[in-house]
Amino acid sequence: MALTSAQRIALTVSFFGLLAFLLGVIAENKKPPYGTPIKGKDVVICKFPSDPTIAMGSLSVVSLVLATIIGHTAIFYPYKGKSVPRGALFQSASLSVFFVIAELVSGLAFAMLLWATVTEGLHRSNNIHHDLDTQCPTAKTGLFGGAAFLALDAALFWLVCQMLALNARSDYLDEDDKGDYGQVYASDVEGTKV
């Protein structure tokens, strides 16, 4: 059975949202709690173990961006070649609310993932400290994990937006797959006696 364009888009949003979540969780779990300080003359050099934290964080950011772009596509895509004006889509109050929530959660997830990834990268590249009491910190614990859950939430909100957009489209185009509705009288039905 072939998938419709709506199903393909929904699966793609789900895939990239889940991928961003998994990569963020892996980045959180592989991140060392701190580096090893090596004391030198008037400096401390921080040595960090080799781990995939920065790569996983970067890939998680990319996956989230792709899920967000495809989430936007899910709302504005001209399904079956029929486009609907944006004003007609956003007359639905629930779509408007969920769209704003999806945007905010996506932005927050992006900011947190980027913050954790950049912070981790800076700790590793700026590893020479003149403070002899430094403990060789890494990115704050929980940032990658929290951002990963927000990325998953964002993908789910984009899926809800797609469902609401499909409802708004069918209302605007007067598409109804269930048939015609009307009033049925008892006298119209065969076999009934009045």
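Which residues have the most contacts inside the largest nonpolar core? The legends below take up that core and several other sites.

The model is predicted, so local features need pLDDT of at least 70 and side-chain atom pairs count only at pLDDT 80 or more, while totals for chains, interfaces and linings use all residues. Residues are numbered from 1 along each chain as its sequence is written, and side-chain values use heavy atoms, with hydrogens and water left out.

**View 1. The largest nonpolar core holds 23 residues.** Val13, Ile75, Leu89, Leu95, Trp158 and Cys161 have the most contacts inside this core. A nonpolar core is a set of buried Ala, Val, Leu, Ile, Met, Phe, Trp, Tyr and Cys residues joined through side-chain atoms within 4.5 Å. Buried means under 20% relative accessible area, exposed over 50%, and partly exposed in between (1.4 Å probe, protein chains only). At least two residues of this core come from each of H1, helix H2 (53–76), helix H3 (86–89), H4 and H5. Helices (H or I, at least four residues) and strands (E, at least two) are DSSP runs, numbered from the N terminus. H5 supplies the largest share of this core, seven residues. Another core, of 17 residues, lies apart from it, with Ala27, Val105, Ala109 and Ala147 among its members.

**View 2. Val13 and Cys161 are two residues of the largest core.** Val13 is in contact (heavy atoms within 4.5 Å) with Ala67, Ile70, Gly71, Ala155, Trp158 and Leu159, leaving aside neighbours within four places in sequence. Cys161 is buried, at a relative accessible area of 0%.

**View 3. Ser106 is a buried residue of helix H4 (residues 93–125).** Its relative accessible area is 4%. The side chains of Ser106 and Trp158 are joined by a polar contact of 2.9 Å. A polar contact is a pair of N or O atoms within 3.5 Å; within protein, one must be able to donate a hydrogen and the other to accept it, and residues adjacent in sequence count only if both atoms are side-chain atoms. Not counting residues up to four places away in sequence, Ser106 touches Leu64, Thr68, Ala154 and Trp158.

**View 4. Cys46 and Cys136 form a disulfide.** The structure holds one such link. The two sulfur atoms are 2.0 Å apart; the cut-off for a disulfide is a pair of cysteine sulfur atoms within 2.5 Å. The link is left-handed, with -85 degrees about the S-S bond. Cys46 lies in strand E2 (residues 44–47) and Cys136 in the loop between strand E3 (128–129) and helix H5 (143–172), so the pair ties together parts that are 90 residues apart in sequence. Both Cys46 and Cys136 are buried. Cys136 has a relative accessibility of 0%. Although not a glycine, Cys136 has a positive phi of about 55 degrees.

**View 5. Lys31 is buried yet has no salt bridge.** A salt bridge is a side-chain nitrogen of Lys or Arg within 4 Å of a carboxyl oxygen of Asp or Glu. Lys and Arg count as positive and Asp and Glu as negative; His and the chain ends are not counted. Lys31 sits in the loop between helix H1 (5–30) and strand E1 (36–39). The Lys31 side chain reaches the backbone oxygen of Ala139 at 3.0 Å.

**View 6. Lys80 is in the loop between H2 and H3.** Lys80 is exposed, at 70% relative accessibility. Lys80 is not a glycine, yet has a positive phi of about 55 degrees.
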